[in-house]
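Subject: Structure for you to look at

Hi,

Here is the structure I promised. Please open it first, then read my notes below.

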Amino acid sequence: MNKIFDIQRKFRFTVYILLAVSLLMTGFSTFVFTRSIGLVERSRQKIYVLDNGKSLLLALRADITNNRPSEAKDHVKRFHELFFTMEPDKQYIENNAREALYLADGSAMKQYQSYKENNVYNQIIASDISMTLTTDSVQIDFSAYPYQFRFFGRQKIVRKSNITIRNLETSGRLRNISRTDNNPHGFMIEDWLITDNKDLETMKRKSF
């Protein structure tokens, strides 16, 4: 009889051990599963963005959303710098124009064609003119979509005999598009218009 009780006690002990192990394994599995879901969710909230074609930067979606206004301003600034920075080199002008036109719609292409038809680029090359652009400010209204913007800057036009400072003001709208290698900010400039581009001052260059 005692042997039967011993067997029953051992059996119950074994059952308790197995039950405890099962509970521990279930708890551990649940913990691992929960952690895995958390890791997957966090990984989904990360994207990689191309930094000037040179390196990959990891950014959180939330951070990118918060940084959208800065990206919009940089998009507008970058477009204008590419479009209005010129050297007496046909290939340089065409490369800058091509990069700029990826950032805007047909309104920019229309202005580019106008410059070509009026021999602006040929005059720059023939007269050894250099043009650079300094951004004063970019104003964007994020209260309504597409976002209205205004650009304010100064052009510096260097000729053999003089240097001209020219005011530059433009307006347009920004529309969200998918990010690409050619358009890393994911914006498209629409209805772009030059509203002011008059000379402010001309200075004679010193001869050495």
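Is histidine 75 buried or exposed? Its relative accessibility is 1%, so histidine 75 counts as buried, the cut-off being under 20%. Bear in mind that this is a predicted model.

Some context for that residue. Histidine 75 sits in helix α3. Beyond its neighbours within four places in sequence, histidine 75 is in contact with Leu103, Leu174, Asn183, His185, Phe187, Met188 and Ile189.

Now the helix itself. α3 covers residues 68–84 and has 17 residues. From first C-alpha to last, α3 reaches 24 Å, close to the 24 Å expected at 1.5 Å a residue.

Next, the packing partner. Helix α3 packs with helix α4, residues 90–101. The angle is about 155 degrees, and the axes are 7 Å apart. Angles over 145 degrees count as roughly antiparallel, so that is how α3 and α4 run relative to each other. Their crossing is left-handed.

Which residues in α3 and α4 meet? On the α3 side, they are Arg78, Phe79, Leu82 and Phe83; on the α4 side, Asn96, Glu99, Ala100 and Leu101. By class, this contact has 5 nonpolar, 1 polar and 2 charged residues.

Best wishes

Terms used: Residues are numbered from 1 along each chain as its sequence is written. This is a predicted model: local features need pLDDT of at least 70, side-chain atom pairs count only at pLDDT 80 or more; totals for chains, interfaces and linings use all residues. Side-chain values use heavy atoms; hydrogens and water are left out. Axes are lines fitted to C-alpha atoms, for helices over the stretch in contact, and angles run from 0 to 180 degrees between N-to-C directions. Helices (H or I, at least four residues) and strands (E, at least two) are DSSP runs, numbered from the N terminus. Angles under 35 degrees count as roughly parallel, over 145 as roughly antiparallel, 65 to 115 as roughly perpendicular and the rest as oblique. A crossing is left-handed if the near helix is turned anticlockwise from the far one by less than a right angle, and right-handed if clockwise. Contact means heavy atoms within 4.5 Å. Ala, Val, Leu, Ile, Met, Phe, Trp, Tyr, Cys and Pro count as nonpolar, Asp, Glu, Lys and Arg as charged, and the others, Gly among them, as polar. Buried means under 20% relative accessible area, exposed over 50%, partly exposed in between (1.4 Å probe, protein chains only). The expected span of a helix is 1.5 Å times one less than its number of residues.
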